[in-house]
Amino acid sequence: MTHFIEVFFQALPLLMDGLKFTMELAIISIIFGLGIGMLIAILRVYGGKFSYTLSTAYVELIRGTPLLVQLFILYFSLPQIGIHLSPLVASIISFSLNSGAYQAEYIRGAIQSVERGQMKAAFSIGMTKWQSIRLVIMPQALRKVIPSWTNEFVYLIKYTSLAYLVGVPELTAQGEFVASRNFEFMNVFSGVALIYLSVILVITWLFSNLEKKVKIPGV
Amino acid sequence: MEFFLSSMSVILRGTGVTVKLTVTSLFLGAIIAVFVALAQVYGKWWLNFIATAYERVLRSIPILIIMFMIFFGLPTFGIRFDPFIAAVISLGLRSSAYQSQIFRGALLAVSEGQIMAARSLGMTGVQTFFHISFPQAVRFSIAPMTNEFTIVLKDTSIAYALGVTELLREGTYIVSTTYEPLLIYSMCAAIYFVITFGTNKFVSIMEKGFAIPGYEVRGVERG
């Protein structure tokens, strides 16, 4: 145990450098993903036939294929058509696109759980469709989506470790780097696991507080 | 065309490994999951505590780290696995944490009244479990298990990092000799998609066949 603590604290500065990249990847991707998710969800619920088909195809394709394959397609094949992305940018784009599809499903469920009568009520006081989505439906749907959204954030933090495979120096990559120099694989990776675990615990706690704070009383 | 055919045979070989990896991991996960769920539902407080800690910890660590701990970490203690076995153990352990939650939910969904009815007929606790709770819980688990299948199938691609020659790695071998990343990786994606989509359709048909009339449970989880 003392040996583990010693190894862990020796590795800590490098692991913290990695954690910065991990959080950067996760936070930027979850925010872009939220934008994509809201757009896709609205298209799927309120869109015409064409936009419904298109957005459903997007969601099904993304959810039916592994994230790692999506990342490889983006990172290794775009240079073929002359677009060179850095590992970090490629990872952020593919994580955002992926997370967007999942978030779309959560938001769609939340939108559909808002009572139908409210849309009619909004229309009857003279709001346009876009106004009622933006001012009446979305504020409620986004509150309802917080628990599953927290889950999604946790997933995303864990899956940012895949960015290591295209060369982003995030937490897993730093762990691998440290361990391959001091050969303390078990201790270093346990330390890395401990960091992921703590980050996830903190985030889950933060969002359950947020959920309570923005709750609409009586709903 | 020749190029297409020769790469197709390699890719199909990889697909075979991917499917094998998925099925064995799910099977291993299911066995462990039953015990974890039992400990959580029927266990004493300390058993419940251990099972819950096991489940929470495994659910909070990236699968890549679990794989690294088993493949690179365990040799420190003299335990060595080849990449395929290490991948099966990692995916199986991680999946057991998720499957235990599916199975726990399913066990709790069996109504209390039925258990009491069984006990009042003179069945023992073990009999009640095997004849009443378990058969229903397994049926309740089918729909959410499809999600779990999809997750495990997609995450077998991460075994790439350990050097298991599954679909994605076979694809990468072809890419490194032909330099056609877009074509090859899209082919891989298409295969994953066909398997997940096909299984989802197949299971939803099977689910209808096994359904207890009037009893439907559908779980929504990240698939």
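**View 1. The accessible surface of chain B in a predicted model.** In this predicted model, chain B has an accessible surface of about 10900 Å². Carbon and sulfur atoms account for 71% of that area. Chain B holds 223 residues, and 48% of them count as buried. The C-alpha trace spans about 70 × 45 × 25 Å along its principal axes.

**View 2. The helices of chain B.** Chain B contains eight helices and zero strands. Its pattern along the sequence reads α-α-α-α-α-α-α-α. Consider the contacts in chain B between residues at least 6 apart in sequence: 76% of these join residues at least 24 apart.

**View 3. A nonpolar patch on the surface of chain B.** Five names make up this patch: Trp45(B), Trp46(B), Leu47(B), Phe49(B) and Ile50(B). Trp46(B) sits in helix 2 of chain B, which covers residues 45–60. The relative accessible area of Trp46(B) is 45%, so this residue is partly exposed. That value lies between the cut-offs of 20% for buried and 50% for exposed.

**View 4. Helix 3 of chain B, mostly covered.** Helix 3 of chain B runs through residues 63–73. Of its 11 residues, 10 are buried. Among them are the isoleucines Ile63(B), Ile65(B), Ile66(B) and Ile70(B). What do the buried residues of helix 3 of chain B pack against? Within chain B, their partners are helix 2, helix 4 (83–109) and helix 6 (125–155). From chain A, helix 8 and helix 9 join in.

**View 5. The interface of chain A and chain B.** The two chains bury about 3500 Å² between them. Of this buried area, 71% is on carbon and sulfur atoms. Chain A brings 35 residues to the contact, and chain B brings 40 residues. How many salt bridges are counted between chain A and chain B? The count is zero. Polar contact is found across the interface for six residue pairs, both residues at pLDDT 80 or more.

**View 6. The side of chain A that touches chain B.** Several helices of chain A each supply at least two residues to this side. They are helix 2 (49–64), helix 3 (67–77), helix 4 (87–113), helix 7 (146–159), helix 8 and helix 9. Which helix of chain A gives the most? Helix 9 does, with nine residues.

**View 7. Phe183(A), a residue with positive phi.** Phe183(A) lies in the loop between helix 8 (171–182) and helix 9 (185–213) of chain A. Its phi is near 60°, a positive value in a residue other than glycine. Is Phe183(A) buried or exposed? Its relative accessibility is 60%, so Phe183(A) counts as exposed. The cut-off for exposed is over 50%.

**View 8. Tyr179(B), in a loop of chain B.** Tyr179(B) is found between helix 7 (167–178) and helix 8 (181–210) of chain B. Tyr179(B) is not a glycine, although its phi is positive, at about 50°. Relative accessibility for Tyr179(B) is 48%, and therefore this residue counts as partly exposed.

Conventions: Residues are numbered from 1 along each chain as its sequence is written. Chains are lettered from A and ligands numbered from 1 in the order in which they are written. This is a predicted model: local features need pLDDT of at least 70, side-chain atom pairs count only at pLDDT 80 or more; totals for chains, interfaces and linings use all residues. Side-chain values use heavy atoms; hydrogens and water are left out. Helices (H or I, at least four residues) and strands (E, at least two) are DSSP runs, numbered from the N terminus. Buried means under 20% relative accessible area, exposed over 50%, partly exposed in between (1.4 Å probe, protein chains only). Patches are made of residues with over 30% relative accessible area and no salt bridge: like charges are joined within 9 Å, nonpolar side chains (Val, Leu, Ile, Met, Phe, Trp, Tyr) within 5 Å. Accessible areas come from the Shrake-Rupley method with a 1.4 Å probe; for residues, only the protein chains shown count as cover. A salt bridge is a side-chain nitrogen of Lys or Arg within 4 Å of a carboxyl oxygen of Asp or Glu. Contact means heavy atoms within 4.5 Å. Buried area is the accessible area (1.4 Å probe) that two parts lose on being put together, summed over both. A polar contact is a pair of N or O atoms within 3.5 Å; within protein, one must be able to donate a hydrogen and the other to accept it, and residues adjacent in sequence count only if both atoms are side-chain atoms.
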